[in-house]
Amino acid sequence: MKNRIITAIILGISGLLFITGPRFIFKVCSSEEMVMNCHWTVQAEIGIGILLIVSGVLYLYAAAFNTRLFLLLQSAAIYIIGIIIPAVLIGGCKNKDMACQSLTFPALYLTAALSLIYVTGSILYLLGEIRKSRG
């Protein structure tokens, strides 16, 4: 149960960082004249954050090892998409000195990478538990 709570908290906190980080903590470029690509990237990352929070809540109540394993695999895919959106799919400003390129995207990459490392460890742990239960 303790492991499940920690994993759910990590999923929830990383989801909150994806939602609030680019808006309040590590802000993207601000422009009142036109909407830039980084604005749309942040909008997509909000969706990523919501999916991670939902995964965390579902993980908290999932009792079976297989269900938790599938939720972690889903979360790993969400983190990878969270990296791909700013890096490839939508992107940001062309100038590398802009806030989105120098602060926001690296912070999102770090959040996703650290969470992905934890999720990978949890997946390996659950695979071991599933093997033990099968005998």
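Tutor: The largest pocket holds about 210 Å³ of space. A pocket is found on a 1 Å grid over the protein atoms alone, as an open set of points where a 1.4 Å probe fits, with protein on both sides within 12 Å along at least five of seven lines; lining residues have an atom within 4 Å of a point. Its grid points are joined across faces, edges and corners, and the volume is the space filled by probe spheres set on the points. Of the 13 lining residues, Val28, Cys29, Ser30, Ser31 and His39 are the closest to the centre of the largest pocket. Helix H1 (2–25) and helix H2 (37–61) each contribute at least two residues to this lining, and H2 gives the most, with 4 residues.

The model is predicted: local features need pLDDT of at least 70 and side-chain atom pairs count only at pLDDT 80 or more, while totals for chains, interfaces and linings use all residues. Residues are numbered from 1 along each chain as its sequence is written, and side-chain values use heavy atoms, with hydrogens and water left out.

The pocket can now be placed in the whole chain. There are 4 helices and 0 strands, in the order α-α-α-α along the sequence; helices (H or I, at least four residues) and strands (E, at least two) are DSSP runs, numbered from the N terminus. The C-alpha trace spans about 60 × 20 × 20 Å along its principal axes. Of the contacts between residues at least 6 apart in sequence, 76% join residues at least 24 apart, where contact means heavy atoms within 4.5 Å.

The surface comes next. The chain exposes about 7800 Å², of which carbon and sulfur atoms supply 68%; accessible areas come from the Shrake-Rupley method with a 1.4 Å probe, and for residues only the protein chains shown count as cover. Buried residues account for 41% of the 135 residues; buried means under 20% relative accessible area, exposed over 50%, and partly exposed in between (1.4 Å probe, protein chains only). The chain has 10 positive and 5 negative charges, and their mean positions lie 20 Å apart. Lys and Arg count as positive and Asp and Glu as negative, whereas His and the chain ends are not counted; each charge is placed at NZ of Lys, CZ of Arg, CG of Asp or CD of Glu.

Individual residues show how the helices are arranged. Threonine 20 belongs to helix H1, one of the helices that line the pocket. With a relative accessible area of 27%, threonine 20 is partly exposed. From threonine 20 to tyrosine 125 is 105 residues in sequence and 30 Å in space, C-alpha to C-alpha.

In helix H3 (residues 65–89) one finds serine 75, which counts as buried because its relative accessible area is 0%. Leaving out residues up to four places away in sequence, serine 75 touches Leu11, Leu52 and Ser55. Asparagine 66 also lies in helix H3, but it is partly exposed, at 38% relative accessibility.

Helix H4 (residues 99–134) contains tyrosine 118, which is partly exposed with a relative accessible area of 25%. Residues up to four places away in sequence aside, tyrosine 118 touches Asn3, Ile6, Thr7 and Ile10. Tyrosine 118 and leucine 11 are 107 residues apart in sequence, yet 9.8 Å apart in space, C-alpha to C-alpha. Proline 106 is in helix H4 as well and is partly exposed, at 34% relative accessibility. Its C-alpha atom is separated by 9.8 Å from that of alanine 87, 19 residues away along the chain. Beyond its neighbours within four places in sequence, proline 106 is in contact with Cys100 and Gln101.
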